Amino acid sequence: MLVPVFSLKLNLKIRPRLVTIGNYFGNYPALTCATSGGKVFIHTPHKVPDVSKYGSPNPGGEVSLLNINQKIFSLCAGHLNPSLDYDVLMIGTENNLLAYDVFRNTDLFYREISDGANAISIGNLGSIQNKLAIVGGNCSIQGFDYEGNDVFWTVTGDNVCSLALVDFNKDNLNELVVGSEDFDIRVFKEDEIIAEMNETEAVTCLHSMGDNKFAYALQNGTVGIYERTSRQWRIKSKSQAVAIHSFDINNDGVPELITGWTNGKVDVRNDRTGEVLFKDNFPSSVAGIVQGAYTQLGKEQMICCSVDGEVRGYNPLTSETLSLGVSVTLEQETIRELTQKKQNLLMELKNYEDNIPSTIKLSPDERNKTTGSIIPTDTKVNSRLCLKPASEDSPAQVLLLINTTNDTIIRAALVFAEGIFKGESHVIHPANDNPCSEVCMIIVQPKDTPVDLHMKVFVGYRNCMQFHVFEITHTIPRFVMYVKSEMSSVEEPEGYVKFTVSERAQRVCIWMNQNFLLEQSLDPDNTINVAFISLRDNKPLIIIMDQSKQIVIKTDNMDIAGDIVQSLTSYLKIDELNVTAHFPNELKILNSLIEKVDSLNNLRQTLSTDIADHSNLIRSMVVHAEDSRLIGDYKSMKQGYTELFNLNQELLRDYKIRCDNHTELVASLKQVNMIIQKASKLRAGKYKTQVVTACRTAIKNNNIGALMKIITTGASS
């Protein structure tokens, strides 16, 4: 068990994930948390010198409150301004970003962010010289310098939930790791995506573990660590991880992963294996985990906060404490492991002793009548994917077939896969009255990503009470949900993306054989002309390659075209690719969205002006009504308060309209950003980045024509 060196009760509720720590007073760290009612409190146990002359409240041992008067979405403290020797506090709300100088009690800058501020991280990004406050919002990421200048902007696939700065490719420059609601973890090298990892739920937390490793937490209770794009390990809990952090608690020079859970548990895990080393428990949910020299200046501590306002601090373990604890723990763990191995071996031995006499030298018919579980040594379990053609009763389906190589039967099969099944697993039970050597299940892949199916198959004879378990793995191709069709029976889509490669058609055929489910492999030829039908929406997809090595991908879905381009460029190792795209439906939607955003912005400004005018009028009417009351003119007072009530009702209606307007505006901006993201996925390398930058410039200048041209050709001129 972890033993805290101090415990405080701040008597304030703390909102989950809104916890940070900053050195606002030089070397004096202060715990900063968001509480209810749009407030932020700052607490340090130290008596901070020479602060009062700047007009800032002296928090020496006391809690100082900041009234933000807006719902707080994110908090972050860091050294943003190079001319200052202390940290600044960044506060993100629904559509604003505040940079606050706690030491001088002043605002450094205040920016309106229409996409919101769901997550904030402060640090160096790539080759950008100054540190940035990086803000993730509604499908967009923005970076602000210490003066509040917007020096970085890009788009991502969905609402941003979490951010982390990590030296992902070990080039001594930080890359930005972004977790979003569409279950993806994306890695940005400045404004270019260099890696994507697909998960099974929204990515709620990210944290750098040093070098090129980072930890992540999902909304479904999963926690794990990636080293670059390779997942090192993961665990799943019934509780949800609220906060993750890295801290070298056992003084071995390697930081461990600290996780705080909604059930109040705090556990310390080995960063290489995920094994729990230490743990502690709070009576309520954990709100956040940070580190700093909180009670002992110059000595880093791990600090955990609960939602009830309890704060506990932990020092790194000393060598004496660690050696004593490790020796006891190691002895107990060794005994437990050996006892478990002994029990497993005894059970396995008993099973063999019970079953060997009853199944030796028996015919297949006799084996079917026995209860023994010994199966032939050459028994194998195979799996394959096949296509079930459409019929009058059902549409075409992708089937997974699992079968044995002899007369043994499959009693059950457990299939594990990410993102395909609800709960990540599915169990196949053949009918009890008709067990056989083959079972099948329908595969529905929601997104075009390659997925590994991990299967545990229970194999035995018909009357067996015990079964042998075979573990096999099968990889589902990325575009398994597209069925090859006759070109003559497919209606040609209006949308297309067109580009030229330097590879032979044979290489493209190999890529198609690996990524699509084809009953017969495509024969390498100088040209390609293949049509597919999507099993999701029955929409056509056509891939053409002529002798001039020009590839045309015809589809009305820009997302599908982008996925195919990214998969093909990755397989062919194409670093730079520009395309000509034509998606009239998407352009029509984008045009209507831009017009809608303009009208919503105009309405928003009008409503803001009306609300301000009404507010000023209300103030004057209150004064007149009170004057009437003081002089005893109750008739005028009653009339004044009646008018005041009516005006207040009108003000409330305007405010509700403004709230609805804002919700609609955010949804429209999200769709605009998603279309820009789709357009960038049609390209590779610098052209991908250029599209995002040029689209943003066109939107700022309200140049719809240039925006359409950028999406079509990749450039505005």
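Start at Trp261. The charged end of Lys265 sits over its ring, 5.5 Å from the centre. Sitting over a ring means that NZ of Lys or CZ of Arg is within 6 Å of the ring centre and within 35 degrees of the ring normal. Next, Phe282: here the charged end of Arg312 is over the ring, 4.1 Å from its centre.

A word on the source: this is a predicted model, where local features need pLDDT of at least 70, side-chain atom pairs count only at pLDDT 80 or more, and totals for chains, interfaces and linings use all residues. Residues are numbered from 1 along each chain as its sequence is written, and side-chain values use heavy atoms, with hydrogens and water left out.

Now ring against ring. Searching the whole structure gives 13 aromatic pairs. Tyr24 and Phe25 have ring centres 6.2 Å apart and planes at 90°, so this pair is edge-to-face. The rule: rings of Phe, Tyr and Trp (its six-membered ring) pair if their centres lie within 6.5 Å; planes under 30 degrees apart are stacked, over 60 edge-to-face, the rest tilted. Tyr24 and Phe25 are both buried (under 20% relative accessible area; exposed is over 50%, partly exposed in between; 1.4 Å probe, protein chains only). One aromatic cluster takes in Phe479, Tyr482, Trp511, Phe516 and Phe532.

Last, domains. The assignment, automatic or from a database, gives domain 1 (325–357), domain 2 (381–476), domain 3 (482–574) and domain 4 (584–713). Between the C-alpha centres of domain 2 and domain 4 there are 52 Å. That's my tour.
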